[in-house]
Amino acid sequence: MTGPKLNEKNRIAGSSSGTRARAMNVRMSASKVRVVLNLIRDADVKSADNTLVLLQRDSAHDVRKLLASAVANAVNNDSKDADDLYVKACFADEGPTMKRFRPRAKGRAGQILKRSCHITIVVDTLTEKAMASREQSIEAKGATKTSSRSARVAASRDRVQKSVATDAAVDSAPVVDEPVAEVSTESGEEN
């Protein structure tokens, strides 16, 4: 086949479509792997990894290892930041099928197909527009993008102190009692 695959989202032959990792001859059918790949497509790497950790499918283990390999390739070979990566494309192609036979009644044989697949994951950096929207969503949640743990803990403590201060201000506000009109419960008329 010449040129890139259509599901790589890069239609220009010869241009880089991101950093890829491939697992060849994985002993699982491609249809079982595609179910898992559909869940992580177009997601950022952290949320994709969190999704794969929680899945209880056998193919999720292989896909998670391959995603980690793709991220390592991007960091080591292409000098990209792991926090800015997302799953640009992921697909599973059919691999070679081993044909085995099982004895059946009256001397016949039943065919068994042991399928395999080739899994490919392509990761790339987010565009500037996507990065800006991601930063806005982080700021809207009240979190700050910090790289060290001590800075994250300090930011968390500041948020807690601010919320405690606002709660104390609300509790210390004077309460005004308003007269309540009396209503009779028997006839519904006021006394």
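Thr120 counts as buried because its relative accessibility is 0%; buried means under 20% relative accessible area, exposed over 50%, and partly exposed in between, with a 1.4 Å probe and protein chains only. Thr120 is found in strand β5. Helices (H or I, at least four residues) and strands (E, at least two) are DSSP runs, numbered from the N terminus. Thr120 touches Arg20, Ala21, Arg22, Leu66, Ala89, Cys90 and Phe91, leaving aside residues up to four places away in sequence. Contact here means heavy atoms within 4.5 Å.

The model is predicted: local features need pLDDT of at least 70, side-chain atom pairs count only at pLDDT 80 or more, and totals for chains, interfaces and linings use all residues. Residues are numbered from 1 along each chain as its sequence is written, and side-chain values use heavy atoms, with hydrogens and water left out.

Now the sheet. Three strands form an open sheet in the order β1-β5-β2, with antiparallel pairing. β1 (19–26) and β2 (85–94) stand at the edges with a single partner strand each, so one side of each has no neighbour in the sheet. From one strand to the next, the twist averages 15°. Two strands pair if DSSP finds at least two bridges between them. β2 and β5 (residues 117–125) pair in the antiparallel sense over nine bridges. Asp93 stands opposite His118 in β5. Helix α1 (residues 30–40) packs on this sheet and touches β2 and β5. The direction of α1 makes about 165° with that of β2. Axes are lines fitted to C-alpha atoms, for helices over the stretch in contact, and angles run from 0 to 180 degrees between N-to-C directions.

Asn25 lies in strand β1. Asn25 has a positive phi of about 55° although it is not a glycine. Asn25 counts as partly exposed because its relative accessibility is 44%.

The largest nonpolar core has 27 residues. Such a core is a set of buried Ala, Val, Leu, Ile, Met, Phe, Trp, Tyr and Cys residues joined through side-chain atoms within 4.5 Å. Val33, Leu37, Val63 and Ile121 have the most contacts inside the core. The elements that give two or more residues to this core are β1, α1, α2 (45–54), α3 (58–78), β2 and β5. α3 gives the most, with seven residues. Take Val33 as an example. Val33 touches Met28, Ser59, Val63, Ala92, Cys117 and Ile119, not counting residues up to four places away in sequence.

Then the helix pairs. Two packed helices are described by the angle between their axes and the distance between the axes. How do the axes of α1 and α3 cross, and within what distance do they come? They come within 9 Å and cross at roughly 55°. α1 and α3 are therefore oblique to each other. Angles under 35 degrees count as roughly parallel, over 145 as roughly antiparallel, 65 to 115 as roughly perpendicular and the rest as oblique. The crossing of α1 and α3 is right-handed. A crossing is left-handed if the near helix is turned anticlockwise from the far one by less than a right angle, and right-handed if clockwise. Lys32, Val33, Val36, Leu37 and Ile40 of α1 meet Ser59, Ala60 and Val63 of α3.

The axes of α2 and α3 come within 9 Å and cross at roughly 160°. α2 and α3 are therefore roughly antiparallel to each other. Their crossing is left-handed. On the α2 side, the contact is made by Val45, Ala48, Asp49, Leu52 and Val53. On the α3 side, it is made by Ala60, Val63, Arg64, Leu67 and Val71.

β3 (residues 98–103) and β4 (residues 109–114) pair in the antiparallel sense over six bridges. In β4, Gly110 is the bridge partner of Arg102. Five residues lie between β3 and β4 in this hairpin. β3 is hardly covered: the count of buried residues among its six residues is zero. Lys106 lies in the loop between β3 and β4. Lys106 has a positive phi of about 60° although it is not a glycine. Lys106 counts as exposed because its relative accessibility is 78%.
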